[in-house]
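Me: Please take a close look at a single part of this model and describe how it sits against the rest of the chain.

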Amino acid sequence: MKLTLGEFRESARARLEPPVWDFLEGGAGEEKTVAANVEAFDRVRLRPRILRGGGDPDPAVKILGRTWDVPVGIAPLAFQTLAHPLGEVATAQGTAAAARVPVVVSTFAGRPFEEIAAAADVPLWLQVYCLRDRSVTRAVVERAQAAGFEALVLTADTPHLGRRLRDLRNGFRLPEGVGPANLPGSGFTDPAAHARAELAPDLDWSVIDWLRSVSSLPILVKGVLSDADAVCAVEAGVDGIVVSNHGGRQLDGAPGTLDVLPEVAAAVAGRVPILLDGGVRRGRDVLAALALGADAVLLGRPVLHGLATGGAEGVTDVLTVLLAEVTETMALAGVRTIADVGPELVRAAPAGP
Ligand code: FNR
């Protein structure tokens with residue numbers, strides 16, 4: 001029995017071919033930002049309150065008009081068929097069995113949107129990469145919307161693909177049978193070369209208007225790491241913000257997401273919901289992010305660890321462990337509902353020797 005998300009990580013590492021493990025787990029450059037995400041959570045201490053009455057914790061939240069059973073959604077992760085043949089289908093099924101929370105599906109999903117939507121009763125959001133050829137992006141958005149997807153998450157931190165040294169050293173190529181299932185007419189085996197050739201390098205905030213012109217779905221922007229960009233996003237009329245450094249896969253040297261969250265939250269001032277991803281590995285990390293200004297978090301690599309360990313069931317198991325930790329942390333910290341979670345819950349650890 002696995003009791004922590006770290007144990008799923010070790011099990012996934014043992015099951016996957018080393019180049020596939022490196023692609024899923026790695027980051028850009030020296031992976032300083034990969035580490036910074038985790039370290040930022042490690043520095044936090046939670047100060048419990050006592051004798052506050054209450055009762056069993058209720059971790060539900062409402063975001064964009066929808067109730068989430070717990071403030072943990074699933075981050076967009078490309079090519080999940082690398083971790084398990086059923087890929088995104090298993091992720092959606094495994095999530096649905098654990099909790100009603102959104103699953104964000106990558107533009108580079110390995111399974112067709114329609115198949116994912118048919119497989120599980122769980123809200124699906126589309127992660128949008130805006131390609132040089134807008135007609136392709138438009139077709140992807142329309143396809144997802146027709147399949148019943150409920151929101152768009154524009155990834156804005158990828159004008160150029162981060163330099164992922166593990167993949168360069170391994171000469172990483174997608175294995176036979178793994179590819180983008182929702183991009184019309186395109187098959188490729190070198191995902192980095194494809195991204196460099198196809199991702200639009202010249203986007204500005206007018207892309208939000210363009211997305212609004214092709215879809216009626218709510219639009220979130222992913223990749224915000226500063227108060228300045230949070231203000232731009234709100235002014236551009238987005239429906240939500242995802243504080244993210246792409247799990248350390250883009251700009252190596254970018255700060256840990258939790259470290260910039262308070263300034264982003266101050267700039268947004270409650271005008272739109274804030275999600276955060278990067279380095280969430282324990283229930284207490286979820287509470288720390290909420291205390292510092294997030295409305296919910298998204299879980300990235302641990303989902304792939306569950307998928308590699310046991311397909312849909314593995315994803316359910318990962319989420320079940322994390323969700324148990326969330327409610328246990330709430331009970332021990334003296335917070336009964338998510339509305340009770342505020343900045344006073346968090347205390348930074350003193351700088352160590
Ligand atoms: C990603 N991420 C990502 N983001 C995105 O917007 N579109 C995508 O297609 C992908 N693909 C992807 C693949 C893999 C293998 C990883 C590890 C990550 C980034 C992802 O959505 C998220 O920002 C981070 O993974 C969150 O950090 P943790 O939880 O992995 O630390």
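Reply: In the chain, 74% of the contacts between residues at least 6 apart in sequence join residues at least 24 apart; a contact is a pair of residues whose C-beta atoms, placed from the backbone, lie within 7 Å. This is a predicted model, in which local features need pLDDT of at least 70, side-chain atom pairs count only at pLDDT 80 or more, and totals for chains, interfaces and linings use all residues. Residues are numbered from 1 along each chain as its sequence is written.

The chain has 13 helices and 12 strands, taken as DSSP runs numbered from the N terminus (helices H or I, at least four residues; strands E, at least two). Of its 353 residues, 52% are buried, that is, with 20 or more other C-beta atoms within 10 Å of their own, against 12 or fewer for exposed and in between for partly exposed, C-beta atoms being placed from the backbone.

In helix 3 (residues 32-42), the buried residues are Thr33, Val34, Ala36, Asn37, Ala40 and Phe41. They lie on the same side of helix 3, because they cover an arc of only 165° around the axis; the arc is that of the directions from the helix axis to the C-beta atoms. An α-helix has 3.6 residues a turn, so residues three or four places apart point the same way.

The partners of these buried residues are strand 1 (44-46), helix 11 (257-268) and helix 12 (283-291). Elsewhere in the chain, Ala289 touches Leu258, Leu261, Leu276, Val280, Ala294 and Val297, leaving out residues up to four places away in sequence.

How values were computed. Two residues are in contact if their C-beta atoms, placed from the backbone, lie within 7 Å.
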